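I opened this notebook to record what I looked up, starting with strand pairing and then turning to charged side chains.

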Amino acid sequence: MSTAYVVFFLAAALAAACGAEAALVEHTFVVSQVKMHHMCNDSLVTLVNGQFPGPAIEVTEGDSVVVHVINKSPRGVTIHWHGVKQHNNCWADGPAMITQCPIPPNKNFTYRFNVIGQEGTLWWHAHIGFLRATIHGALIIRPRLGPNSYPFPKPDQEITVVLGEWFDMDLFELYEKTENRIYGDIPLSPTINGMLGDFNNCSGVTEDSYKLDVEQGKTYLLRIVNAGVDKAYNLKIAGHKFTVVAADANYVKPYTTDIIAIASGETFDALVVADAPPGRYYMVAQAVQTTEPITQKQVLMSRGIVSYNPMKWLGDDTLEIMAPELPDWHDESPSFYFHGNLTSLLPQTVPSNIDEHMSMALRSGYNCLYGGAPHCTVTMINNISFQHPSTMSLLQAHYYHTMRNISSLLEFPIGPPMLDFNQTRTTTATLVKKLRYNSTVEIVLQGPPGQMSYSNPMHLHGHDFFILAQGLGYYDPEKDVQKYNLVNPPVKNTAHVPMNGWTVIRFVTSNPGVWFFHCHTEHHSSSGMAMAFVVEDGPTVETTLPPPPTYYPSCGGPNSIVEYV
């Protein structure tokens, strides 16, 4: 039995010993192509088990999870368990060519991981190109002591709401275009639990809407996931308010609002009380879009229907559906204030001795050297556009001490933090930052200024982080440090960097391995706004990266990443 298996089962045994019995939760994911019909067109879509969204994984804290992935699609695939910390289990994290080679067509791979010390809503998705637009699902972690142990009133019912996006084109083609820095494609529509909604119609045929039936006076816990690859969304329900109780599977101080501003990759748990007069109410997800010249569609919206006493209205399409008042679709201020109002439920111990200060300028440019297409763009961190290795995953190279063989490898620049948006020269490289185990890292994430600004949801694998502060304009290291919340900052895995603004995060490198850090807007990630942290081993066996499992997929050849994608 390999060391990886020993660590896996020891952790599961420890979880069982600490409370109620831990379970082994097992799933089989069959990845295949299915024909779907939307907006007058038939599309060949890659799905898990023929479902859109894919099947939810429901576990109790402390459980062990085994997922058998059978790839019957014509391209390679990997699955990432978004937000699962994967302590000492980096081999199961899933990003293609970062921790593993893709699972080739007609091959299988089994992911094994434990869910320890986390409660709330996470999710899973494909982590190769744009496949996560259709390969995704919720990962729900309930408390070991049952729903009565929630730090908020026990809901009458739990409802999963997965926001997605429908692209009326081949997702493999979209990925290839974005990898070549050609960006002009946007989703046709958002979706709510896989449905485009009645805002969308083609030739008089209206798309189906997601329907949620509620009972007067009952409380519902909405587990909300933004699985979209492109946009942030404002989610509203006419006549109702949300009480946000968790973000990225971390409890927050209850916060009442009439809007959920959710960026790509984020999850929020929110209580909704059915206290409106009986009737029908729209649940609306509207995309937040930047201004021109960035490509956009005037309105990107999906509408679901929240219905009281549904039997009364069955078949009655004449009953008015109440619609919420929505902010302007260019207005990012609701998102700025929503994220700024999040605080942890309990006081946090924020490390004060910082070992690594880093600053990252997140930007894009139209000066790339890929043929000068009208929508040719390159995204980057500190003017370096990330390039995936092609023959071996970064984690393999790290474990076998062969990173020097990756010709495109570039160590994150050492020196004082600098934010430079004026430099026009762009370097393409496999950007990494080596960090000692148990180091405290602080990063200033600075969004681009000016007309071409946009928000960036930055996601870190294998760790949570404290969000200390956010602001508009340029970060000022002398003044803005006074804004840091060092008492009860929200703890998340995805940080929303506002348009024309900045966010500061801090975390401890408590997990050995190679951990991807990237914008969760797929157009940005695929075109270069990414890097990887290489966390060295700690002093003990428990803090040392184990060897890869014996069933680990091989890249198979010098051009395999191109072939499989």
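**Strand β30 and its partners**

I began with the pairing of β30, and found that β30 and strand β31 (residues 491-492) run antiparallel to each other and are joined over 2 bridges. I keep in mind that this is a predicted model. Looking for the residues involved, I noted that Phe-466 has Val-491 in β31 as its bridge partner.

I then looked at strand β33 (residues 501-508), which is joined to β30 by 6 bridges, again in the antiparallel sense. Here I picked out Ala-469, whose bridge partner in β33 is Val-504.

**Salt bridges**

How many salt bridges does a search of the whole structure find? The search gave me 16 salt bridges, and I followed a few of them up one by one.

The pair I examined to begin with was Arg-132 and Glu-522, which form a salt bridge whose closest N and O atoms are 3.2 Å apart. Arg-132 lies in the loop between β7 (120-126) and β8 (136-142), while Glu-522 belongs to helix α6 (residues 522-526), so this pair ties together parts that are 390 residues apart in sequence. I also checked how accessible the two partners are: Arg-132 is buried, with a relative accessible area of 2%, and Glu-522 also counts as buried, at 8% relative accessibility. Both calls rest on the cut-off for buried, which is under 20% relative accessible area.

Next I looked up Asp-198 and Arg-303, whose side chains meet in a salt bridge of 3.0 Å from N to O. Because Asp-198 lies in the loop between β10 (189-192) and β11 (201-202) and Arg-303 in strand β21 (residues 301-308), the pair ties together parts that are 105 residues apart in sequence.

Lys-218 is partly exposed, with a relative accessible area of 32%, and Glu-215 counts as partly exposed at 46% relative accessibility.

My last entry concerns a network: Glu-58, Arg-142, Glu-158, Arg-223 and Asp-269 are linked by salt bridges.

Terms used: Residues numbered from 1 in each chain as written. Predicted model: local features only at pLDDT ≥ 70, side-chain atom pairs only at ≥ 80, totals over all residues. Heavy atoms only, no water. Salt bridge = Lys/Arg side-chain N within 4 Å of Asp/Glu carboxyl O. Helix = DSSP H or I, 4+ residues; strand = E, 2+ residues; numbered from the N terminus. Buried < 20%, exposed > 50% of the residue type's maximum accessible area, 1.4 Å probe, protein only. Pairing = 2+ DSSP bridges.
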